[in-house]
Amino acid sequence: MNTITPVVSIASLTLQPRPEQWKPPAGTKGRFDVKRARAAPLLGLSKLGCTLHEVAPGATAYPHHSHRANEELLVVLSGRGELRYGIARHAVKEGDLIGCPTGGPETAHQLINSGSEPLRYLAISTMLANTERVKSSEMLTNLFDVRVNPTLFLVIAYAIRRLPYMVRS
C-alpha cells in the first residue's frame, strides 16, 4: 500500500507500461509507446491528476483527442516533441508548458516525440466526473450525426435541397 505524503520526488516515481485496459489496438505497435507513473494518489490528490509520462522516440502516448470536462496542463521535463493542437503543429522542448482546455476539434491535442531521446512530461489535469475523451477521427463523424447534432444536420439538409436553385441564381 502506498503512503500518502505531501512531497514526492519525480526521480522516485517508477514508470510502468500502459495498463492492459489502455493498450492500443493491434497493428499500432510502436506508434503508441508510453510508460507512466501516477503521482497524484501518492500525494493524496483526488480532484487533481498528475502523471509522469515517458514516450519513446517517434511515438506518442495517445491519439489526437479532446476532452469535454477536464483540462490538462502538460509540463515538458526533457526531450523534444511536436504538439498537434487542433489543425496546427507546434515544436515543444524541455521547460515548455502546454495548455489543453476543454472543447472539441479546435482543442484536440496530441504530443508526439520527434526527438531521438525519450520525451518526459507531467500531465496535470482536473478530475471531474465526466472524463469523456473523444478522438479527433470521431469528431467529424459526430458533427454530421443527426443524433448528436440535429440542428447542423437540418441546416445541411436544407442547403443540399436548395443547391440546384442556388447554382442557377
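Biologist: Leaving aside its neighbours within four places in sequence, with which residues is Thr107 in contact?

Modeller: A contact means heavy atoms within 4.5 Å. By that rule Thr107 touches His65, Ser66, Tyr85, Pro101 and Thr102. Before we go on, note that this is a predicted model, in which local features need pLDDT of at least 70 and side-chain atom pairs count only at pLDDT 80 or more, while totals for chains, interfaces and linings use all residues. Residues are numbered from 1 along each chain as its sequence is written, and side-chain values use heavy atoms, with hydrogens and water left out.

Biologist: Where does Thr107 lie, and is Thr107 buried or exposed?

Modeller: Helices (H or I, at least four residues) and strands (E, at least two) are DSSP runs, numbered from the N terminus. Thr107 sits in the loop between strand 8 and strand 9. Buried means under 20% relative accessible area, exposed over 50%, and partly exposed in between (1.4 Å probe, protein chains only). With a relative accessible area of 6%, Thr107 is buried. A polar contact is a pair of N or O atoms within 3.5 Å; within protein, one must be able to donate a hydrogen and the other to accept it, and residues adjacent in sequence count only if both atoms are side-chain atoms.

Biologist: Why is strand 9 described as largely enclosed by the rest of the structure?

Modeller: Strand 9 (residues 109-113) is largely enclosed because five of its five residues are buried. Both faces are covered: His109, Leu111 and Asn113 lie on one side, Gln110 and Ile112 on the other.

Biologist: Which strand is joined to strand 9, and by how many bridges?

Modeller: Two strands pair if DSSP finds at least two bridges between them. Strand 6 (residues 80-85) runs antiparallel to strand 9, and five bridges join them. Within this pair, Tyr85 stands opposite His109.

Biologist: In what order do the strands of the open sheet follow one another?

Modeller: The order is 1-2-3-10-5-8, six strands with antiparallel pairing. Strand 1 (16-17) and strand 8 (97-100) are the edges, each pairing on one side only. Inside the sheet, strand 2 (residues 34-38) and strand 3 (residues 48-55) share five bridges, and Arg38 has Thr51 in strand 3 as its bridge partner.

Biologist: What does the side chain of Asn70 reach?

Modeller: Asn70 belongs to the loop between strand 4 (65-67) and strand 5 (72-78) and is buried, at 8% relative accessible area. Its side chain reaches the backbone nitrogen of Met127 at 3.5 Å, and a polar atom of that side chain lies 2.6 Å from the backbone nitrogen of Leu128. The C-alpha atoms of Asn70 and Thr126 are separated by 5.2 Å, although these residues are 56 apart along the chain.

Biologist: How many salt bridges does a search of the whole structure find?

Modeller: A salt bridge is a side-chain nitrogen of Lys or Arg within 4 Å of a carboxyl oxygen of Asp or Glu. The search finds three. One of them joins Glu54 and Arg120 (2.9 Å, N to O), linking strand 3 to strand 10 (residues 119-126) across 66 residues. Another pairs Glu82 with Arg89 at 2.5 Å; Glu82 is partly exposed at 25%, as is Arg89 at 49%. Lys93 and Asp96 also meet, at 3.4 Å.
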